[in-house]
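Please keep the model open while reading.

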Amino acid sequence: MVMESDQLDAVFTALADPTRRAILARLAEGEASVAELAMPFKMSQPAISKHLKMLERAGLVSTAVDAQRRPRRIEGAPLAGAVGWLEQYREVWERNYERLDALLDEMKAVEAKARKGSRQ
C-alpha cells in the first residue's frame, strides 16, 4: 500500500508521542470511550481528546456512534501503509547487511590464508 506523503507524515507524527502509542495499544484490544482511555493516564479527558484528534487526523482512530456513547476504535489501514513504507527500507538494509557479511567472510578467508601461509 502506497501512502501519500501528507498521510505518512501524519501517521509518523501521531506515533511519535508515547501517550498516543499507548492509546493505540489500548484500542488494539477493543473500542473504548474517552473516559476509558483517560483512566490509565494522569491527564484530563480534554487532554486525551487532543491526542485522539491527532490520531483521528492521521486516520489511525475512528469514532463510532452508539446511542449516547462515542467509542473510539483503531483503524489498521494507515498503520499498514506506514509498515509498507518502512518495509522498502528493510529490504535495502538487508541487502547492505548481506554485502557486509560477504565482505567479512572474504576478509576472514584472506586472514586465514595469511595465517596458514605464515606457519609454513
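## Terms and basis

Contact means heavy atoms within 4.5 Å. Helices (H or I, at least four residues) and strands (E, at least two) are DSSP runs, numbered from the N terminus.

This is a predicted model, in which local features need pLDDT of at least 70, side-chain atom pairs count only at pLDDT 80 or more, and totals for chains, interfaces and linings use all residues. Residues are numbered from 1 along each chain as its sequence is written, and side-chain values use heavy atoms, with hydrogens and water left out.

## Helix 1 against helix 5

Helix 1 spans residues 5–15 and helix 5 spans residues 76–119. Their axes come within 10 Å and cross at roughly 100°. Axes here are lines fitted to C-alpha atoms, for helices over the stretch in contact, and angles run from 0 to 180 degrees between N-to-C directions. That makes helix 1 roughly perpendicular to helix 5. The classes are roughly parallel under 35 degrees, roughly antiparallel over 145, roughly perpendicular from 65 to 115, and oblique for the rest.

Which residues of helix 1 and helix 5 meet? Helix 1 brings Q7, L8, V11, F12 and L15. Helix 5 brings P78, L79, A82, W85 and L86. The residues of this contact divide into nine nonpolar, one polar and no charged. Ala, Val, Leu, Ile, Met, Phe, Trp, Tyr, Cys and Pro count as nonpolar; Asp, Glu, Lys and Arg count as charged; the others, Gly among them, count as polar.

## The buried side of helix 1

L8, V11 and A14 of helix 1 are buried. The cut-offs are under 20% relative accessible area for buried, over 50% for exposed, and partly exposed in between (1.4 Å probe, protein chains only). The three cover an arc of only 130° around the axis, which puts them on the same side of helix 1. The arc is that of the directions from the helix axis to the C-beta atoms. An α-helix has 3.6 residues a turn, so residues three or four places apart point the same way.

The buried residues of helix 1 pack against helix 2, helix 4 and helix 5.

## Helix 2 against helix 4

Helix 2 and helix 4 pack at an angle of about 80°, with axes 10 Å apart. The two are therefore roughly perpendicular to each other. T19, R20, I23 and L24 of helix 2 make the contact with I48, H51, L52, M54 and L55 of helix 4. Its residues divide into six nonpolar, two polar and one charged.

Helix 2 buries T19, R20, I23, L24 and L27. They cover an arc of only 140° around the axis, which puts them on the same side of helix 2. P18 and A28 are exposed on the other side. The cover over the buried residues of helix 2 includes helix 1, helix 3, helix 4, strand 1 and strand 2.

## Helix 4 in detail

Helix 4 runs over residues 45–57 and has 13 residues. From first C-alpha to last it reaches 18 Å, close to the 18 Å expected at 1.5 Å a residue. The expected span is 1.5 Å times one less than the number of residues. Just after helix 4, G59 takes a positive phi of about 80°.

Which residues of helix 4 are buried? They are I48, H51, L52 and L55. Seen down the axis, these buried residues fall within an arc of 100°, so they line one face of helix 4. The face turned away carries the exposed residues P46, K50 and R57. Helix 1, helix 2 (18–28), helix 3 (34–38), strand 1 (61–63) and strand 2 (72–74) are among the elements covering the buried side of helix 4.

## E31 in its loop

E31 lies in the loop between helix 2 and helix 3. At 33% relative accessibility, E31 counts as partly exposed. Leaving out residues up to four places away in sequence, E31 touches R26, E36, R69, P71, R72 and R73. E31 and T63 are 32 residues apart in sequence, and their C-alpha atoms are 9.2 Å apart.

A109 counts as partly exposed at 46% relative accessibility. E111 is partly exposed too, with a relative accessible area of 45%.

A109 and I48 are 61 residues apart along the chain, with 59 Å between their C-alpha atoms. E111 and W85 are 26 residues apart in sequence and 40 Å apart in space, C-alpha to C-alpha.
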